[in-house]
Structures are given as structure tokens and as C-alpha cells.
Amino acid sequence: MECVVQGIIETLHVEALEILLVGLCGAPKQRVRVHELCLKSGPNLVSSEVRLLCDLAKTTPSWTIRHVGGAMRGAGADQLSVLVRPIAESKASSTALRFFYGIGYKLDHEVLKTGFAFQFQNRGANLTVSVTSTNRMPRLHATDDAVPITPGIHLVEITAPAAPENYTEVASAIASFCEYLSPLLHLSKPGISTGIVPTAAAAAASLMSSGGGIKIL
């Protein structure tokens, strides 16, 4: 399973966020360029949805099959500031798309996610912070011609692997890290829109002038 929170930031403040993350994470920045294809089962199959992710940032593109389950529910889940959900991933070959077409899956939609990410540890949890622009293709698989779906806005997502016995600790680690980003953006459970933080412009200007934030690790 994994814990996840999301938020949005205006593109003009992304550079300031990057400066802050470099100071906080103490880890190298990774380039993100992922072609994501959402496939849904055909009428003769049990209803399901899988995502094929092609990592185009690598010299040789690599494929991953990803299935995301429904969010954890109940009183315990409601009290958490993060969303907890089951997830399964598996490496795949470049023939994965052809395989899913062959067993009856259909392409629902595809996007290209571009940006950067940091991977690091906080309070024993392995966090990944990604800052990406989601782009649509004007033609099937035309990644080179992709254009932003929401111009001027980037998605910020923090994820961390978890298990039934430690997801509360992982959730706490994510929540504590989110506090450092709060002047620039607010992160919450996916599907809960909080909009642009009013203090973002002032915080970004301060970061740009000072050239960085503190390191917490």
C-alpha cells in the first residue's frame, strides 16, 4: 500500500519550490518524463483498470504496470491527513500494451507527465516528492506534441510505501514534511481541492532572494 497527498502550485513558483526541496531533501533531483496510458477492461472481462507507465527520462525507456486500489475507509482513515490505498506494480516489457489489447483491454486516455522528483527519507519513511505538469496528446501516442492540460499549474504529489503495521507512522512522516512546504502550497488527500495558497507569491519571492531553505535530514 501507499500513502499519498497532492496539491497544486502556479508554474511561476515552481523554481522557488525546487530551491526549497533541494535544501530540505538533501537528495539529487530526478527528471520526470512519463507516458501514462490508462486501460480499462472490455465488456467480456471483470471490470478493472490498469495503468501502463513508460519512463521516457531513461536512455532506454522502461515500462511499469500499475494498479491502484480504492482508498482505505473507516474512522481511522478519516482521521489521517493522507490517503492510504493498496497498490501493485510490476516491471513489464515494451510489448505490455499489445498484450493488454490482446486480452480485451481498451485505451481510455493517455497523458504525458513532465517535471522533476526527489526521493529521500524522513522519519524512517521513504518519501517521493514529484512536481509535474500533466499534458495531453493531440494524436495517439504523440508525446513530442503534448500540451499542458492546465497551463500555468503544476501538480505536487508526495507518496510513500507503507504496510498495515506502519501506515500511521508513514502518514505522520508525510504530514510533518508538508508543514515545511505550507508557505508555498497546501497538500491534502487526492480529490480534495484546496487551491492556490495566498502566501505562495511572498514565500516564493523570499526563497528566490535567499537561494534556498533549510536541510531537515
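Leu17 is in contact (heavy atoms within 4.5 Å) with Ile9, Val131, Val156, Leu181, Leu184 and Leu185, leaving aside its neighbours within four places in sequence. The model is predicted, so local features need pLDDT of at least 70 and side-chain atom pairs count only at pLDDT 80 or more, while totals for chains, interfaces and linings use all residues. Residues are numbered from 1 along each chain as its sequence is written, and side-chain values use heavy atoms, with hydrogens and water left out.

Leu17 belongs to the largest nonpolar core, which has 40 residues. Such a core is a set of buried Ala, Val, Leu, Ile, Met, Phe, Trp, Tyr and Cys residues joined through side-chain atoms within 4.5 Å. Buried means under 20% relative accessible area, exposed over 50%, and partly exposed in between, with a 1.4 Å probe and protein chains only. Leu17, Leu21, Ile158, Ile174, Phe177, Leu181 and Leu184 touch the most other members. Elements giving two or more residues to this core include E1, helix H1 (14-25) and helix H4 (167-181). Helices (H or I, at least four residues) and strands (E, at least two) are DSSP runs, numbered from the N terminus. H4 gives the most to this core, eight residues. A second, separate core has ten residues, among them Val50, Cys54, Leu97 and Tyr105.

Ser130 lies in strand E8.

Arg85 lies in strand E5 (residues 83-85). Arg85 counts as buried because its relative accessibility is 14%. The Arg85 side chain makes a polar contact with the side chain of Glu2, at 2.8 Å. A polar contact is a pair of N or O atoms within 3.5 Å; within protein, one must be able to donate a hydrogen and the other to accept it, and residues adjacent in sequence count only if both atoms are side-chain atoms. Not counting residues up to four places away in sequence, Arg85 touches Met1, Glu2, Val4, Arg66, Val68, Gly69, Gly70 and Ala71.

Now to the pockets. A pocket is an open set of points on a 1 Å grid over the protein atoms alone, where a 1.4 Å probe fits, with protein on both sides within 12 Å along at least five of seven lines; lining residues have an atom within 4 Å of a point. The largest pocket has a volume of about 1300 Å³. Volume here is the space filled by probe spheres set on the points, which are joined across faces, edges and corners. The lining has 35 residues, and Val34, Leu53, Arg66, Glu89 and Glu157 lie nearest the centre. Strand E2 (30-41) is one of the strands that each supply at least two lining residues. E2 gives the largest share, six residues. By class, the lining holds eleven nonpolar, eleven polar and 13 charged residues. Ala, Val, Leu, Ile, Met, Phe, Trp, Tyr, Cys and Pro count as nonpolar, Asp, Glu, Lys and Arg as charged, and the others, Gly among them, as polar.

The second largest pocket holds about 160 Å³ of space. Its lining includes Ile8, Lys113, Thr132 and His154. E8 and E10 are the elements that give two or more residues to this lining.

Two loop residues remain. Most residues other than glycine have a negative phi. Arg123 has a positive phi, near 55°. Arg123 sits in the loop between E7 and E8, and is exposed, with a relative accessible area of 62%. His141 also has a positive phi, of about 65°. His141 lies in the loop between E8 and strand E9 (147-148), and counts as partly exposed at 32% relative accessibility.
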